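Student: I've got a structure open and would like to go through it. Can we take it piece by piece?

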Amino acid sequence: MSFPKTGKYFRGNDEVSFAEMVSTVLRGALGDRPASVKLVARWTGAGERTVKNWFSGSCAPRGHHFRGLVQHCPEMLEAFLNSAGRADRFAFTRVEEARQRLRQALAVLDLMAQDENSPT
């Protein structure tokens, strides 16, 4: 007895397979160089042959490997959320990143202002 394969496609504006989505994002973000395969293998702990299959779109990563991709490749998270119809969630992430950068910039400006006001 065999079970039907389910969950092969993510539904968004157009139906694209999960493996194709991962392949498109990896090639777009990292290119098709051998160094890219090695980098993704380090990120995920997967073997290089497995990662090559992800780049080609013939296979998709399992959950724990996908988590590693999302941790290191923000484009992967954005594509996944778009495919799930939750692009709004990624917008919140970008706002928080912008806030973090602003805090850092303000800290640098505060240091510069202190240096100008201190007697030499």
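Student: Which residue forms a salt bridge with R99?

Tutor: That is E96, and the closest N and O atoms of the pair are 3.9 Å apart. Keep in mind that this is a predicted model.

Student: Where do E96 and R99 sit relative to each other in helix α6?

Tutor: They are three residues apart in α6, so about one helical turn separates them.

Student: Why does that spacing matter for which way residues point?

Tutor: An α-helix has 3.6 residues a turn, so residues three or four places apart point the same way.

Student: What else is linked with E96 and R99 in a network of salt bridges?

Tutor: R103 belongs to that network too. E96 forms a salt bridge with R103, with the closest N and O atoms 3.7 Å apart.

Student: Is E96 buried, exposed or partly exposed?

Tutor: E96 is partly exposed, because its relative accessible area is 39% and that class lies between 20% and 50%. R99 is partly exposed at 46%, and R103 is partly exposed at 46%.

Student: How many salt bridges does a search of the whole structure find?

Tutor: It finds three. One of them joins E48 and K38, whose closest N and O atoms are 3.5 Å apart. This pair links distant parts of the chain: E48 is in helix α3 and K38 is in helix α2, 10 residues apart. E48 is partly exposed, at 36% relative accessible area, and K38 is partly exposed as well, at 40%.

Student: Which residues of α4 are buried?

Tutor: In α4, residues 63–72, the buried ones are H65, F66, G68 and L69. They cover an arc of only 155° around the axis, so they are on the same side of the helix.

Student: And which residues are exposed on the other side of α4?

Tutor: G63, R67 and Q71.

Student: What do the buried residues of α4 pack against?

Tutor: They pack against four helices: α1 (18–30), α2 (34–44), α3 (48–56) and α5 (74–83).

Student: Which residues of α5 are buried, then?

Tutor: M76, A79, L81 and S83 are buried in α5. Just after α5, G85 takes a positive phi of about 75°.

Student: What does A87 touch, leaving out residues up to four places away in sequence?

Tutor: A87 touches L81 and N82. A87 is in helix α6, and at 36% relative accessibility it counts as partly exposed.

Student: Last one. Which residues make the nonpolar surface patch?

Tutor: L106, V108, L109 and M112 make a patch of about 380 Å². M112 is found in helix α6, residues 87–117, and counts as partly exposed at 44% relative accessibility.

Student: How much accessible surface does the chain have?

Tutor: About 8800 Å², of which 54% belongs to carbon and sulfur atoms.

Definitions and conventions: Residues are numbered from 1 along each chain as its sequence is written. This is a predicted model: local features need pLDDT of at least 70, side-chain atom pairs count only at pLDDT 80 or more; totals for chains, interfaces and linings use all residues. Side-chain values use heavy atoms; hydrogens and water are left out. Buried means under 20% relative accessible area, exposed over 50%, partly exposed in between (1.4 Å probe, protein chains only). Helices (H or I, at least four residues) and strands (E, at least two) are DSSP runs, numbered from the N terminus. The arc is that of the directions from the helix axis to the C-beta atoms. Contact means heavy atoms within 4.5 Å. Patches are made of residues with over 30% relative accessible area and no salt bridge: like charges are joined within 9 Å, nonpolar side chains (Val, Leu, Ile, Met, Phe, Trp, Tyr) within 5 Å. Accessible areas come from the Shrake-Rupley method with a 1.4 Å probe; for residues, only the protein chains shown count as cover. A salt bridge is a side-chain nitrogen of Lys or Arg within 4 Å of a carboxyl oxygen of Asp or Glu.
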